[in-house]
Amino acid sequence: MTVRDLLSELNPNQAEAAAHYEGPALVIAGAGSGKTRTLIYRIAHLIQAHQVDAGQILAVTFTNKAAAEMRERASHLIPGSERLWMSTFHSAGVRILRAYGEYIGLKRGFVIYDDDDQLDILKEIMGSIPGIGPDTHPRVLRSIIDKAKSNLRSPGDLDKWPEPYISGLPRDAAAEAFRRYETRKKAQNAIDFGDLITETVRLFQEVPGVLAKVQDRARFIHVDEYQDTNKAQYELTRLLASRDKNLLVVGDPDQCLPPGTMICTPQGERAIETLREGEMVCGTGGSASLIAGQITHVKRGQYQGQLWQVEAGDITLRGTPHHVVLARHEPMAGQWYVYLMQREDRGYRVGLTMGARVNSEGQSDYGYRVRLNQEHGDKVWVLRVCASRSEAAYWEALYAARYGLPTALFHGVGRQLSMNEEQLSRLFAELDTAASAERLMNDLHLHPAFPHHRPQNGLRRQSVNLIMFSDFRHGTVGYHRIQWSSNREDVAQRLLAAGHQVRGNGKGRGGYRIEISRKDYPEALALAEQIARDGGLELQRKACVDGKMYSFQPLSHLHPGMKILVQSKLAQSGGQLAEESVSAVSQQHYSGPVYDLTVSPLHTYVAGGMLVHNSIYKFRGADIQNILDFQKDYTGAKVYMLQHNYRSSARVLGLANKLIENNTERLEKTLLAVKEDGMPVMFHRANDHRGEGDFVAEWVTRLHAEGQPFSKMAVLYRTNAQSRVIEESMRRVSIPAKIVGGVGFYDRREIRDILAYARLSINPVDDVALRRIIGRPKRGIGDTAMEKMLTWAQINGTSLLTACANAESILERGASKPVEFAKLMEAFSEAADNYSPASFLKFLIESSGYLDLLRQEGQEGQVRLENLEELVNAAEEWSRENEGGIAEFLDDAALLSSVDDMRTKIENKDQPEDAVTLMTMHNAKGLEFPSVFIVGVEEGLLPSRNSLNEQGGIEEERRLFYVGITRAMDRLFLSAAQNRMQYGQTKSAEDSRFLEELGDGFDSIDPYGRVIDYKQKTWRDFRPVGPQTVPSAVKNTSPLTSEMAYRGGEKVKHPKFGEGQVLAVAGVGDKQEVTVHFASAGTKKLIVKFANLSKA
């Protein structure tokens, strides 16, 4: 195969990336864009076109599975592929240390300790270290040590830890444990998992000759999932690439805010860690009014280091140093700035200036901008804001001395300076001010891409502006303007040559300009960056909010006195933004999870009461921040974007494109198919949800019989609750299935909680069930009270529930709460005999307080309520096919749960099981399967019930359906039910409006696969005409309770006890209770709402 033939097998974007030869490069890979294929062809191209030795190519991934897949693909394309070095970071470390470890004291035959070995050592040493108590688990110490190693920290570094405690242990004790652990390990000629990276880094740092040898073996380096590298892995990569710079990486976003950060949503504040894709948060579209935007991506990761805490009025926000907010300066009379200034032909200097100065136009301006203009500087960063000149002079002198930066001015024209121009030029030429400034900026966490000010048209560098929300055309979100204007013909010619539309400034004005507006901000940013690169321009990013201009500033760039936007606390303001001055900025050490959100189309949201700019973009999979960081680390790096879809057939992609065209807020792109048409897309309307599950199971069986493994098939649904029927249909025909991104239906927390209530109701001595649910919801029964009652129960040989009933003789105080709980369970025990399984479960959900508990959990609680609705459905279905009460239902549920448990154990083995994958469409992102089934394509499910009344809700649901469709590589099946059970009642279902939008893009089939005419069960007659209240998860299903007509004497019929007569009535509304005499069961007291009584 010739070089041309090799690249001809790729689409143009892939081919461009694969043809990259020398120097650093970042590949941004979109959904299904063939990232691995591109990497393999790039390696083949290196060998074939540039005669690179296969033995000099390294490709690093994060998992053994990914490395094995890469080796497998390479073996079919590259002769001599066995000589390629493809491995994980840790496998590469093992290989290097086995060959060269003796240079740093590792003896031949060293052993690698696993987790249990680590814990054994720590157990031995921790007992003799002051400050580590007997209750400390060795896993705490192991976590401290692992985190230290991932950040290249030694025991000595922990000695200097800024806080007195590390993960709850005294700093000195943690450092000493780390030190003794390392000593013990070294004495036994062992290393642990973390050492595989850190010791390799140390080897390269201490023995340059070894590094050179390994660099000879790894002249061309590839790193996948580059954003997931920790500091040790990053440093290992940097050292390997330091000589030849031939590093190609695949990037992804970073994260910014810790858990507990409260995010403004239309329904109130929510902690950031509870938010999910598809939910709504509040931000700005360019006005002072807050509006809702949709979360299109949630990024979760780990962070260890300094968090910036910014205070403004009564608002406090904590975040990683480079999380971006919108901020601006105002002249501050009486204050002083200490700054770092850059001029390209000179270098860097530090200086001080007044907070407010008069500019050349006689206007009051902030001092550092006046000084920058006077010195013809290019950029300035504020280092500190001081209350007096003497304080500013102190910090200026300190920074100058500590970092070796001059304070001399860049030029002395028109000034009476001690040095002349020639001497100033020589001074800056003699000093490496760039390296000194880099150290200063790193120490202060200043970002080079976000100076506090740079001139629009300097002598050396000009700027292109990207101004968010500056072009209001219609709606509530402004367009984003890209603007450049100059009289520089050389810049204009470069931009014209690159294909940009450069226009004149108009008659008699002269000069050139570019003015473009884009509706999509990530697209606008990518275009602005391209213009900046092509024209040799600086990019200035700003936002126009309520008529004022704000610059993009990381949290670490904020100083007291700067203006930021916060959510107004004034009652009359409603959802409004207001300016507030930063009052304090501080740092705190943090180690733990962090989060960020992509919010479309606003790309802003209110976090901790402060307006922030999200740092994640999904424009063709690109993360702009990572591009900036990579280009900073590797000057001249090339960036390649893959946007063709190499996953799905043309039919599937045609269907997806037809669907998404109906969204008004969308990326201006269409996925381009590489595959041929493929098989038709199938749609089936089943009689009910059980029939839908059977349809899926039937086609899975057919496809498997044709040779397709179960693991190549996936069933996608909108909500987790839909999985139960699919699971049961597959179990009936012995199809193995696994749930990804969730747990088995009967293993979900809320299901197990309610079933535990039911178990305790029929078996009062079930202490395991009691301990599970006594605190759900919280009842004011603490751990101490539980321990005392448990001891009493053990001494008296009885149950915990009996102890609760006798709490007054056991507890000195707080006895009323356990007694109330015992009385509640007594009522449940009586109800268990009187109600059908479905009615009894509804009674439990409401009367236990569990319903109110879930309602307080926001969107996540709503999902759990949907699962409980499905549990009631399951009980109702069971009653139609079986005789018995709640006890018999629990027996069958336990069998189903044990099947889930066994399946989970199988799935957790090292070798993956050949099983059909079940998952929500949210969890399917980034995955692909030859055959995909999307079930529940109905109004109320897809689009979801909640989305019908939310701004932009339908568009978000359409985007989610689009995600589901594009998971399919070859076969796609869509299905809906004519009738679906909802909370124990079968109701008519309507086809999703999205099916109408797909037009003739699918074939409608009967259960046997025969094509039939599609006649849509239209949703239009059921479309909401205005805001509606979402129905409660628990409904009143008794046919008589709507009128509450019982007065006594009525003849009624009960599904279990038969006919009876109402003897007495008590209460009203949901709590109405009747006393009924049944011939077969005697007299029973029943709550009407749950009794399922009907007229006899």
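Author: Lys379 and Glu538 form a salt bridge, with their closest N and O atoms 3.5 Å apart. A salt bridge here is a side-chain nitrogen of Lys or Arg within 4 Å of a carboxyl oxygen of Asp or Glu. This pair links distant parts of the chain, 159 residues apart: Lys379 is in strand β20 (residues 379–386) and Glu538 in strand β25 (residues 538–545). Helices (H or I, at least four residues) and strands (E, at least two) are DSSP runs, numbered from the N terminus. Lys379 and Glu538 are both buried; buried means under 20% relative accessible area, exposed over 50%, and partly exposed in between (1.4 Å probe, protein chains only).

The model is predicted: local features need pLDDT of at least 70, and side-chain atom pairs count only at pLDDT 80 or more, while totals for chains, interfaces and linings use all residues. Residues are numbered from 1 along each chain as its sequence is written, and side-chain values use heavy atoms, with hydrogens and water left out.

The structure holds 42 salt bridges. Another of them joins Arg685 to Asp991, with 2.6 Å between the closest N and O atoms. Arg685 lies in strand β33 (residues 682–688) and Asp991 in the loop between β39 (985–988) and α33, so the pair ties together parts that are 306 residues apart in sequence. Asp991 has 0% relative accessibility and counts as buried.

Helix α33 itself (residues 993–997) contains Leu995. Leu995 is buried, with a relative accessible area of 1%. The C-alpha atom of Leu995 is 8.7 Å from that of Leu659, and 336 residues separate the two along the chain.

Because Glu176 and Arg180 are four residues apart in helix α9 (residues 171–187), about one helical turn separates them. Glu176 is partly exposed at 25% relative accessible area, and Arg180 is also partly exposed, at 30%.

Salt bridges also occur as a network, which links Lys149, Glu182, Lys185, Asp192 and Asp195.
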